[in-house]
Amino acid sequence: MVCLSCRGPGPRLCDACALTIRPAGELRTPGGLIVHPWALHEGVARTLVRRLKYEGVAAVAPLVAGFLEDRIPSDARCLVPVTRTVVRRVRYGIDPAKSLAEAISRRTGLPVVNALSPPIWNRPSAGSERESRKPPRFVSRRAVRGAVLVDDVLTTGATLDSAAAALGGVGAALTLTGVP
């Protein structure tokens, strides 16, 4: 077996890599949405995001799901992935939020509801200044109650706020990493 971060021998996350991860506490988006990230967006955790998001290493999702299941609010009824644009799903061959939501669902039994429709394309925001980022505009496919949003990274919170607004309000979100 190979570590998903350093690619050295060991379990899915070797002890050396696991020891460097800094847990993230509860964060809030500018719109007030409560977000529960697994870790701060740095070092090993950031590498795991890259492996999942840009390299299509799907094994990252079940690894992180084990840590996120305890952060799900008790009143949650379903998981709603913040779906990637069509262009990025085709380009990278994976939808990280959907993969993460499905992995959490397998552990908890909460259903995954594909309630958000993303735009076909949105200008990439990774690496750009916070002020210049524009969130995708989601369209709600269906009404959901007790939804918990699932996404890969919380940076400015604009994407999660846009997704929550499209659904008519959501109480919480789970992410792999978060930027305080």
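Contacts between residues 24 or more positions apart account for 67% of those in the chain with a separation of 6 or more, a contact being defined by heavy atoms within 4.5 Å. The model is a predicted one, in which local features need pLDDT of at least 70 and side-chain atom pairs count only at pLDDT 80 or more, whereas totals for chains, interfaces and linings use all residues. Residues are numbered from 1 along each chain as its sequence is written, and side-chain values use heavy atoms, with hydrogens and water left out.

The chain has six helices and seven strands, taken as DSSP runs numbered from the N terminus (helices H or I, at least four residues; strands E, at least two), and their order along the sequence is α-β-β-α-α-β-α-α-β-β-β-α-β. The radius of gyration of the chain, at 15 Å, is close to the 16 Å that the globule rule gives for 180 residues, so the chain is as compact as a globular protein of that length; the radius is taken over C-alpha atoms, and the rule is 2.2 Å times the number of residues to the power 0.38. Along its principal axes the C-alpha trace spans about 45 × 35 × 30 Å.

Of the 180 residues, 48% count as buried, that is, under 20% relative accessible area with a 1.4 Å probe and protein chains only. In helix α6 (residues 158-166), the buried residues are L160, D161, S162, A163 and A164, and the buried residues of α6 pack against β2 (34-40), β4 (116-117), β6 (147-154) and β7 (172-178). Just after α6, a positive phi of about 80 degrees is found at G168.

Methods. Buried < 20%, exposed > 50% of the residue type's maximum accessible area, 1.4 Å probe, protein only.
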